[in-house]
Amino acid sequence: MLYKRILVPFDGSEPSQNALEVAKKLIADDAAAVLHVLTVVPAGAVAAELEAPAGPGSATPLIFPDMESYERVIERAKATAMDDLNEALGECLDDVACDVQVGAVISGKVADGICDYAEANDCEIIVMGRRGLGALRGMLGSVSYAVLHEADVPVLTVK
């Protein structure tokens with residue numbers, strides 16, 4: 001097998017499910033391989049989930065009183081994302097013979113989160129879904145388009 005460390009960004013969509021199936025075929029039954037399945041939570045989505053205080057100062061940005069409060073919010077968002085990811089995956093990974101690493105990261109830009117994760121985990125290829133809706137960026141989807149241009153490893157897009 002050519003690749004032993006494959007990353008699949010997964011959002012539950014049909015293209016991401018197709019990408020997961022392709023990655024599973026690339027790994028075959030190589031027990032020494034590692035399949036990384038990742039969900040990326042945009043940082044803006046975390047901020048939107050927070051309840052801002054009501055009242056005269058409600059237009060004031062949310063400020064955390066200490067680093068522990070901030071870390072609790074981030075960990076809660078990642079735990080929720082992991083629960084959603086595991087639910088979306090269901091039994092999709094039951095037939096995989098290799099090590100599977102399922103993860104969630106929070107990033108300002110989804111493409112940056114994918115590329116940073118791939119680099120931090122020494123992934124050799126990113127296999128990801130694309131939308132295929134039309135001209136230029138719409139042909140791939142804005143995230144897959146950005147990953148193609150930013151990643152330092154090969155990127156295989158799957159319709």
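Tutor: Contact means that heavy atoms lie within 4.5 Å of each other. This is a predicted model, in which local features need pLDDT of at least 70 and side-chain atom pairs count only at pLDDT 80 or more, while totals for chains, interfaces and linings use all residues. Residues are numbered from 1 along each chain as its sequence is written, and side-chain values use heavy atoms, with hydrogens and water left out.

Student: Leaving aside its neighbours within four places in sequence, with which residues is S107 in contact?

Tutor: With those neighbours set aside, S107 is in contact with V40, V41, P42, A43, D112 and G113. S107 itself belongs to strand β3; strands (E, at least two residues) and helices (H or I, at least four) are DSSP runs, numbered from the N terminus.

Student: Why is S107 called buried?

Tutor: Buried means under 20% relative accessible area, exposed means over 50%, and partly exposed lies in between (1.4 Å probe, protein chains only). The relative accessible area of S107 is 11%, and therefore S107 is buried.

Student: What makes the approach of S107 to the backbone oxygen of K109 a polar contact?

Tutor: A polar contact is a pair of N or O atoms within 3.5 Å; within protein, one must be able to donate a hydrogen and the other to accept it, and residues adjacent in sequence count only if both atoms are side-chain atoms. A polar atom of the S107 side chain lies 2.8 Å from the backbone oxygen of K109, and the backbone nitrogen of G113 lies 3.3 Å from a polar atom of that side chain.

Student: How do you know that β2 pairs with β3?

Tutor: Two strands pair if DSSP finds at least two bridges between them. Strand β2 (residues 34-42) is joined to strand β3 (residues 99-107) by 9 bridges, and the two run parallel. In β3, D99 is the bridge partner of V34. Strand β1 (residues 5-9) also runs parallel to β2, with 5 bridges between them, and P9 stands opposite L38 in β2.

Student: What makes D30 and K4 a salt bridge?

Tutor: A salt bridge is a side-chain nitrogen of Lys or Arg within 4 Å of a carboxyl oxygen of Asp or Glu. The closest N and O atoms of D30 and K4 are 2.5 Å apart. The pair links distant parts of the chain, 26 residues apart: D30 is in the loop between α1 and β2, and K4 is in the segment before β1.

Student: Why do D30 and K4 receive their accessibility labels?

Tutor: D30 has 18% relative accessibility and therefore counts as buried. K4 has 35% and therefore counts as partly exposed.

Student: Why is D95 called exposed?

Tutor: D95 has a relative accessible area of 57% and is therefore exposed. K24, at 13% relative accessibility, counts as buried.
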